[in-house]
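Good morning, and thank you for coming.

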Amino acid sequence: MQKITSAVLLACSLSSAAIAASTDDPYLWLEDVNSKASLDWVTARNATSTAALETRPGYPELRTRLEAIFNSKQRLVLVTRMGGAFYNFWQDAEHPRGLWRRTTPTEYRKAQPAWEIVLDVDALGKAEGKSLVWKGAQCLQPEGDRCLISLSHGGGDAAEVREFDLTRREFVDDGFRLPIGKSNVDWIDRDALLVGTNFGPGSLTESGYARVIKRWKRGTPLEDAVTLFEGKPTDVIAEGWTDQTPGWQRTFIQRAIGFFTNEVFEALPDRLRKLDKPDSAELRVWRDQVIIRLREDWTVNGHPYAQGSLLAMDYARFVSGAQDFEVLFAPDARRALRGYVTLRHGIVLEVLDNVRGRIVELTPTNDGWKQRDVQVPGNGTASAHALDPISSDEYLLTASDFLTPSTLRLVELGSDRLEPLQSLPAFFDTKGLIVEQHEAMSHDGTRVPYFLISHKDAKRDGTQPALLYGYGGFEVSMEPSYNPAVGVGWLEKGGAYALANIRGGGEFGPAWHNAALKGKRQNAYDDFIAVAEDLTRSGVTSPKHLGIMGGSNGGLLVGAVMMQRPALFGAVVCQVPLLDMRRYHRLPPGASWMAEYGDPDDPTQWAYISKYSPYQNFRPGAKYPRTFLVTSTRDDRVHPGHARKMAARMLKDGQDVLYFENTEGGHAGAADNAQRARMWAMAFEFLGEGLK
């Protein structure tokens, strides 16, 4: 088996051949993540940025206040139930890398529950001399006494996996263990796992994820695991999972052909049975039902089902060839399915109604599915979290909007009682603030909604500093939520804040997302520009006082519109971004996103990608807004080379650019609350200075 020595070596570093493959880029050397030359460059840039931002008069107080908020004991505590106990992962000032802890259902309802520490990640990292970051636990159900814990080194996506005994609260000495990698694992039973990992040369996809799924039996070496499935190198990933519901135990393997297409197989004793569904649809099983979520219209046996619908039918009939589905959810022009969770006796839908959250319960009866609306507090985002989807009908309901502290309630399927459990304190002053929902007209006549939070007495004369945030990709929705960082760092200081619901997101279902795919990507950028123009046209702000911010795909968004309309913005905060779209697919796992953006090696597709790729569209000598580029050395999802090279190119041209690269944190940009507070404080100080 090929030895994997670090997350960065696995997911970020490039071979000399790959770097030499392109010679027209003078900053290609910055893609070598850990070279001395690259890190020396980063150190110099970080020194300049910290000197410029961390010496500002307001920085120390803002950072301290943000860190106190992030570490506050008054936070919503979401839990999962295993073996009768409630489990939660917690970080605070005393435990920056976190505690995995548990309590009883009775204690959980108290204002100050008594918690038992299951695993102290800080202590573990100190004992092992490693910068360990918690990445979650996959636990055996319904027993609830063994888990597979994932721990990253420095915060990247790649992690090592170790078997953990919940009863003894210790790792199993001779248990299952995987080295650092972008692995996926699940329990088949107590003595066997489904494993997708780096099994050696040829076992990964071009995106850097598992291509092969094996059955690994306890007590045997990993190299002796039995192959169940092999995908193609061009696939995104192969994953296996087991439905552990007693009486309905079934094992499945999913081949992700692209980011939005997949095939699902049930693993039978003697073969794999492919399940009949559209490649673009998502499939899950729930007890005796198959649940299919459509991303495209589907006509089967003469019956049309609309994209964005959720369908169900008896699983046994489905695999025998029947396809007469019941419609659990049907979208309309302004109503979309955000997600859903399954409980023991029902399903809970999370619905977006004109970008506001609603909760709908569904329970099967002899006469079909019974629907029940749950009264959600507030007028913002609503999310359901199953406590124990196998054996419980209870779920946690979180509700949040821009100005109301988030709340947590315990709900039981079919009950009108919403038991209050927790509520955030008021972390920032909302006096005089109002929330409005507006629409901007995009270039093609599409009406694009956005939320605006500002002071009710603010003059609409263009002098108010405003911050516009957006994402616009991967069917991810931007929803109203209580954000103390924005409240403290921006709203309290007199700024207005706008959240854009541009195409590419999921606010109005798959069609809204598809409207900005590949060759239609410019629609997302035109939508964002339209919102910015609407803010200036209405007098909320003016270009001099308008800042924009986005991360990841949102970093690509703000990078693209900054190149296209530099005079429209006064400052840009670009976080963990994609920027070089000529090479994004060559920086793992960028190849997995070609279903979103297209293939730059295809001349036809590069023709439209090249029109917006920020790195290629930089024009020397043009006047661009002040820019703050932020990334992480340990980001193995979006390569730090994107931000590094863009900063180098802009600095060479004399542009007003600051660059900061956190040495830890992965794609989140920060590994703990102290790092998180530092980066947010720097961003808001940058905006405050730039938009005066």
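This is a predicted model: local features need pLDDT of at least 70, side-chain atom pairs count only at pLDDT 80 or more; totals for chains, interfaces and linings use all residues.

Strand 32, which covers residues 433-441, pairs with strand 33, which covers residues 447-455. The pairing is antiparallel and runs over nine bridges. Within it, Q437 stands opposite F451 of strand 33. How many residues lie between strand 32 and strand 33 in the hairpin? There are five, and G445, in the turn, has a positive phi of about 90°.

Is T407 buried or exposed? Its relative accessible area is 14%, and because the cut-off for a buried residue is under 20%, T407 counts as buried. Its side chain makes a polar contact with the side chain of R409, at 2.8 Å. If we set aside the neighbours within four places in sequence, T407 is in contact with L76, L397, T398, A399, Q422 and S423.

In general, rolling a probe the size of a water molecule over the atoms shows where empty space is left. A search of the whole structure finds three cavities of 30 Å³ or more. I shall describe the second largest cavity, which holds about 50 Å³ of space. Which residues line the second largest cavity? They are F402, F428, I453, S481, N483, V486, G487, L491 and Y497. By class, six of the lining residues are nonpolar and three are polar, while none is charged.

Finally, I come to the largest pocket. The space in the largest pocket is about 470 Å³. It is lined by 20 residues, of which K73, V77, W90, A111 and P113 are the closest to its centre. Strand 3, residues 99-103, and strand 31, residues 418-423, each supply at least two residues of this lining. Which strand gives the most to the lining of the pocket? That is strand 31, with three residues. The lining of the largest pocket divides into 10 nonpolar, five polar and five charged residues, whereas the lining of the second largest cavity has no charged residues.

That concludes my presentation, and I thank you for your attention.

Conventions: Residues are numbered from 1 along each chain as its sequence is written. Side-chain values use heavy atoms; hydrogens and water are left out. Two strands pair if DSSP finds at least two bridges between them. Helices (H or I, at least four residues) and strands (E, at least two) are DSSP runs, numbered from the N terminus. Buried means under 20% relative accessible area, exposed over 50%, partly exposed in between (1.4 Å probe, protein chains only). A polar contact is a pair of N or O atoms within 3.5 Å; within protein, one must be able to donate a hydrogen and the other to accept it, and residues adjacent in sequence count only if both atoms are side-chain atoms. Contact means heavy atoms within 4.5 Å. On a 1 Å grid over the protein atoms alone, a cavity is a set of points where a 1.4 Å probe fits but cannot get out, and a pocket is an open set with protein on both sides within 12 Å along at least five of seven lines; lining residues have an atom within 4 Å of a point. Grid points are joined across faces, edges and corners, and a volume is the space filled by probe spheres set on the points. Ala, Val, Leu, Ile, Met, Phe, Trp, Tyr, Cys and Pro count as nonpolar, Asp, Glu, Lys and Arg as charged, and the others, Gly among them, as polar.
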